[in-house]
Amino acid sequence: EEAIKQNFKNLMLTSPGERIMDPNFGVGLKRFLFEPTMNIKESIITAIRHQTKVYMPYILINRIEFSGDEDKEIINHFLNIKINFSIIDLNINSFVEISVE
């Protein structure tokens, strides 16, 4: 479980293009801090779900929560996300909380 959580965090924090042999790998949460805030929440959710489906298909995303007012936080270049997920084959529910500045 801990290894899967660490790999999941790595997927969230790695920016697309950062991994040499797989330029499509990664959500790159930090990059969202410097984009226009219009529909940013939906963009983040879409990126998380897509990357998880492609690179970690054994994880099912149950819920993605943003703490506070995400538009205000992004303007201040801070983002805190809690992602609840299930590890399908192990029948385990877990979560990761990720903060980026």
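**Close-up views of the sheet and its helices**

**View 1. Pairing of β2 with β3.** Strands β2 and β3 are joined in the antiparallel sense by nine bridges; two strands count as paired if DSSP finds at least two bridges between them. Helices (H or I, at least four residues) and strands (E, at least two) are DSSP runs, numbered from the N terminus. I83 stands opposite V96 in β3. The two strands form a hairpin with four residues between them, and N91 in the turn has a positive phi of about 55°. This is a predicted model, in which local features need pLDDT of at least 70, side-chain atom pairs count only at pLDDT 80 or more, and totals for chains, interfaces and linings use all residues. Residues are numbered from 1 along each chain as its sequence is written, and side-chain values use heavy atoms, with hydrogens and water left out.

**View 2. The open sheet of three strands.** The strand order is β1-β2-β3, with antiparallel pairing. β1 (59-66) and β3 (92-100) stand at the edges, each with a single partner strand, so one side of each has no neighbour in the sheet. Seven bridges link β1 to β2 (residues 79-87), and L60 has S86 in β2 as its bridge partner.

**View 3. Helix α1 on the sheet.** Helix α1 (residues 2-13) packs on the sheet and touches β1, β2 and β3, contact meaning heavy atoms within 4.5 Å. The direction of α1 makes about 40° with that of β3; axes are lines fitted to C-alpha atoms, for helices over the stretch in contact, and angles run from 0 to 180 degrees between N-to-C directions.

**View 4. Helix α2 across two strands.** Helix α2 (residues 40-55) lies across β1 and β2 and runs at about 160° to β1.
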